[in-house]
Protein chains: 2
Amino acid sequence: MDYETPQFFRVMKYASEADRDVVDMVSGSPDWEPPEALREGLHTYADATPGEFQYQASVGLPELREEIAARRGVERSQVIITNGTGEANHLAMTEGYRTMPGEEILLVDPVYPYYAGRASIIGADASYVPVDETGHLDPDTVAEYAGAETSVIVINSPNNPLGVTYDADTIRAVVEIAEENDAVLLSDEVYDHFDYADRFASVLSVDSPNRIVTNAYSKSMAITGWRVGYAVFPHPDGPNGELMERARTRHMLTNVTGSRPAQTAVLHALRNTGPEYYEATRELLTDRIEAITAALDGVGAEYTEPEGAFYVMARFPDYPGTFDNVERLIDEAGVAGMPGEAFGQSRAEWIRFALVTPRVETAAERLEAFFHE
Amino acid sequence: MDYETPQFFRVMKYASEADRDVVDMVSGSPDWEPPEALREGLHTYADATPGEFQYQASVGLPELREEIAARRGVERSQVIITNGTGEANHLAMTEGYRTMPGEEILLVDPVYPYYAGRASIIGADASYVPVDETGHLDPDTVAEYAGAETSVIVINSPNNPLGVTYDADTIRAVVEIAEENDAVLLSDEVYDHFDYADRFASVLSVDSPNRIVTNAYSKSMAITGWRVGYAVFPHPDGPNGELMERARTRHMLTNVTGSRPAQTAVLHALRNTGPEYYEATRELLTDRIEAITAALDGVGAEYTEPEGAFYVMARFPDYPGTFDNVERLIDEAGVAGMPGEAFGQSRAEWIRFALVTPRVETAAERLEAFFHE
C-alpha cells in the first residue's frame with residue numbers, strides 16, 4: 001500500500017464520474033450546519049481593522065489558546081494551534097520521532113492512512129498493532145509490540161475507520177506502556193464529540209509527560225476545510241519539555257502561523273455555542289447509524305458496532321472490500337464507500353461507510369437490494 | 001546566530017513593553033486597508049452552504065489555482081496553493097534539497113532569517129553569497145559560490161531586508177547558474193507589487209525547468225495573517241517534474257490543505273480589484289520612503305536606496321545595529337527597527353526599518369533629533 005498518496009480522492013473521483021446517481025459515503029466531511037455563531041464570527045471578522053488581518057503569534061491567536069487551555073485543563077504554554085489535526089499530528093509525530101530514543105512509530109491496524117504516510121516521509125519504521133475481533137485495542141497486544149525501539153505510539157479514539165471508542169482503562173494502560181518504553185503516546189481525539197456509548201476518555205485524563213493530544217474543530221463544528229486544530233504537549237518546563245519547543249520551531253518554519261479568519265471565527269463559536277448544538281448532531285448521527293446497521297443486519301453483513309465517530313465498517317458475505325468491488329458497488333448499487341484495503345491488512349475485506357450524507361437511508365435500501373439479489 | 005527562532009518577536013515585545021511611545025517599524029505587517037472586495041468575499045463565504053466549509057482539493061481551491069495559472073502564464077498542474085509564502089518556501093527548499101544532487105543551499109547575505117532557519121531544520125549546509133556595496137546581487141559572485149554541491153539557490157526580489165530589486169539581466173544570469181549546477185533557483189517574489197523603480201523581473205519570465213517561484217497575497221492585499229500563498233513548480237511531466245509531485249505529497253501530509261475561507265475571499269478579491277488599489281499603496285509607500293530617507297540624509301546615515309518592498313536599511317555613524325543599540329533606540333528615541341545582525345554578517349552594523357506605520361514622519365523626526373544630539 002502506498003500510504004504517501006491517500007486514496008480518498010481516487011474513490012471520490014470515481015463516484016463523481018459514475019454514470020448514475022451515487023450516495024457518497026467516502027470522505028469524512030460533515031454535511032450538517034456549522035454552529036450559527038461560527039458564521040457570525042466570520043462576518044464580524046470581515047469588518048475588522050487592518051491590524052486584525054496581520055500575523056498573529058506563530059502559536060496561534062492568544063485568546064483561542066487561552067480558551068483551549070482552560071477547557072482542557074492544561075497550561076497555555078502547552079498548547080499550539082495548528083492547521084487542523086493534520087498539522088498537529090505531523091508536528092507530534094515528527095518531533096516525537098526526533099526526540100524520543102526509538103526509531104519506530106507504532107500504529108494501529110486498521111490505520112488512518114495519513115498516519116502511515118507521515119511515518120513514511122519522516123523516515124520512521126512503522127509497525128502495526130492489530131485490533132481485536134470487536135475492533136478494540138487490547139493493551140496487552142500493544143505491550144507486546146512496544147519496546148525500546150518505539151518512539152511514538154499513535155491512537156485515535158473515537159476511531160476512524162472502525163467507529164469504536166477505547167475505554168478509560170485502555171487509555172490509562174496505553175499511557176503506561178508509552179512511559180515504560182520511553183516513548184510518547186499521541187492521541188488524536190478529533191471525534192471526541194461523537195461518543196454515542198458514553199465511553200470516550202481523553203488521554204488528558206491521565207497525567208503524564210509522555211502524552212500528546214491532538215484535536216480540531218473540523219468535525220465538531222463541521223468545518224473540515226477551515227483548518228483549525230491544536231496539539232497539547234508536555235509542559236515545556238518539565239520532562240520531555242523539548243517536544244513543545246521543537247514543535248513550535250517546526251510550526252514557525254513550516255507555516256509561520258495559521259489562518260486568522262478561521263481561528264477568530266472558531267473562537268467566537270466556541271464561546272457562543274451551547275451543548276445542544278453537539279447533542280443535535282449526535283442525534284442526527286444516531287438515526288443514521290440505526291438505518292445503516294439495520295440494513296447490514298438484513299443482508300447478513302458483519303460490522304463493527306459504532307460507538308463513536310461517524311463511520312461503519314462492514315464485511316459482506318463473499319464480497320471483499322477491494323478497490324474493484326468498491327467501484328462495482330458504485331456502478332451497480334449507487335453507494336460509494338472506502339475499500340478496507342486502504343486502511344491496511346486486518347480489515348482488507350471490509351468496506352468503510354462515512355455517515356455524512358442526508359441519504360443514509362437511501363444507501364441502506366440500495367445495499368439491501370444489491371446484496372439480496 | 002540562531003536562525004531557528006527568528007528574532008522579530010523579541011524586538012516587538014521589547015518595543016511594546018517600553019515605558020514610552022514607540023513607532024514600531026519592526027515587523028513587515030502592512031497597516032493599510034485590504035481590497036474592499038476581500039471583505040465582500042469573506043462576507044459572502046460566511047453565508048455559504050455547509051458543503052463549501054469542507055475539505056477542498058489538497059493543492060487548493062480549483063478556481064484559485066486556475067486564476068493564478070492564467071495570471072502567471074503557467075499550467076494549473078504547476079501551481080500549489082500554500083499556507084502563505086512561508087509554506088511555499090518550506091516545500092520548495094525541502095523538496096529541492098531532497099531532489100537535486102547537492103547538499104548545500106545557497107542563500108544571500110543579508111538573509112531573511114526564515115530561509116536560514118529552514119535550511120537548518122532540513123539539515124542542509126547553508127552558504128551565503130554577499131551582496132555588493134549597493135545591496136544588489138552580482139551574478140559573477142553567485143557563480144563563484146555555486147557548484148556541484150549546490151541544490152537550491154534562494155533569492156528574494158524585491159528584497160527583504162535591503163529594499164533593492166534585481167534587474168532582468170541578473171534574474172536571467174542566476175537561472176543559468178542554477179541550470180549549470182543542476183540546482184533549482186527558488187525565487188520568493190512576495191513583494192512583486194512593490195516595485196518603485198520599474199525594475200522588477202519575475203523568474204517566470206525565464207523559461208527553465210530549474211526554477212521555482214513563490215508568492216502570496218500577504219503583502220499585496222495587506223493580509224499577512226490570512227496565509228494564502230502559492231508556489232509554481234517545473235511542469236510535473238517535464239524535467240525535474242518530481243519536485244511538484246513531492247511537494248504535493250509533503251503538503252498533503254503536513255497540512256492536508258489550506259484554509260478555505262481565506263482562499264475563497266482572496267479569489268473574489270483577485271477577480272474584483274483593479275490596478276488602482278496597488279497603485280495607491282505604492283504612492284503611500286513612496287511618500288514614506290521620501291520622509292525616512294530625507295531624515296537619514298539629514299543625520300549623515302548611509303542607506304540602501306529603496307527600489308522595492310517596504311524596508312529601508314541604514315547605518316548610522318558610530319551606532320552599529322546590535323540588539324543593544326536597537327533597544328536603546330527604542331528607549332531613547334522611541335523608534336523600533338530590526339537589528340542588522342538578525343539578518344547575517346554583511347549588514348550587522350545596519351538597522352532595518354519597515355515602513356508599515358502611518359507614523360513614518362514621526363519616526364523620521366525622532367531619528368533626526370536623536371542622531372543630531
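Let me start with how chain A is divided: domain 1 covers 8-34 + 275-372, and domain 2 covers 37-271. Keep in mind that this is a predicted model. The centres of the two domains of chain A, taken over C-alpha atoms, are 26 Å apart. Where they touch, domain 1 of chain A contributes 26 residues and domain 2 of chain A contributes 32 residues.

On the domain 1 side of that contact, helix H10 (275-298) and strand E10 (311-315) of chain A each supply at least two residues. H10(A) gives the most, with 4 residues. By class, this side of domain 1 of chain A has 13 nonpolar, 8 polar and 5 charged residues.

Next, the sheet. In chain A, 7 strands form an open sheet with mixed pairing, in the order E2-E8-E7-E6-E5-E3-E4. Strand E2 (79-82) and strand E4 (125-130) of chain A are at the edges with a single partner strand each, so one side of each has no neighbour in the sheet. From one strand to the next, the twist averages 20°.

One pair from the sheet: strand E6 (residues 184-188) and strand E7 (residues 211-216) of chain A run parallel and are joined by 4 bridges. Leu186(A) is opposite Ile212(A) in E7(A).

Last, the core. In soluble globular proteins, nonpolar side chains tend to be buried together. Here the largest nonpolar core has 245 residues, and those touching the most other members are Ile153(A), Val266(A), Leu355(A), Ile153(B), Val266(B) and Leu355(B). Which residues does Leu355(A) touch, not counting residues up to four places away in sequence? They are Leu285(A), Arg288(A), Ile289(A), Ile292(A), Phe310(A), Tyr311(A), Val312(A) and Val360(A).

Key: Residues are numbered from 1 along each chain as its sequence is written. Chains are lettered from A and ligands numbered from 1 in the order in which they are written. This is a predicted model: local features need pLDDT of at least 70, side-chain atom pairs count only at pLDDT 80 or more; totals for chains, interfaces and linings use all residues. A nonpolar core is a set of buried Ala, Val, Leu, Ile, Met, Phe, Trp, Tyr and Cys residues joined through C-beta atoms within 7 Å. A residue is buried if 20 or more other C-beta atoms lie within 10 Å of its own, exposed if 12 or fewer, and partly exposed in between; C-beta atoms are placed from the backbone. Two residues are in contact if their C-beta atoms, placed from the backbone, lie within 7 Å. Two strands pair if DSSP finds at least two bridges between them. Axes are lines fitted to C-alpha atoms, for helices over the stretch in contact, and angles run from 0 to 180 degrees between N-to-C directions. Domain bounds come from an automatic or database domain assignment. Ala, Val, Leu, Ile, Met, Phe, Trp, Tyr, Cys and Pro count as nonpolar, Asp, Glu, Lys and Arg as charged, and the others, Gly among them, as polar.
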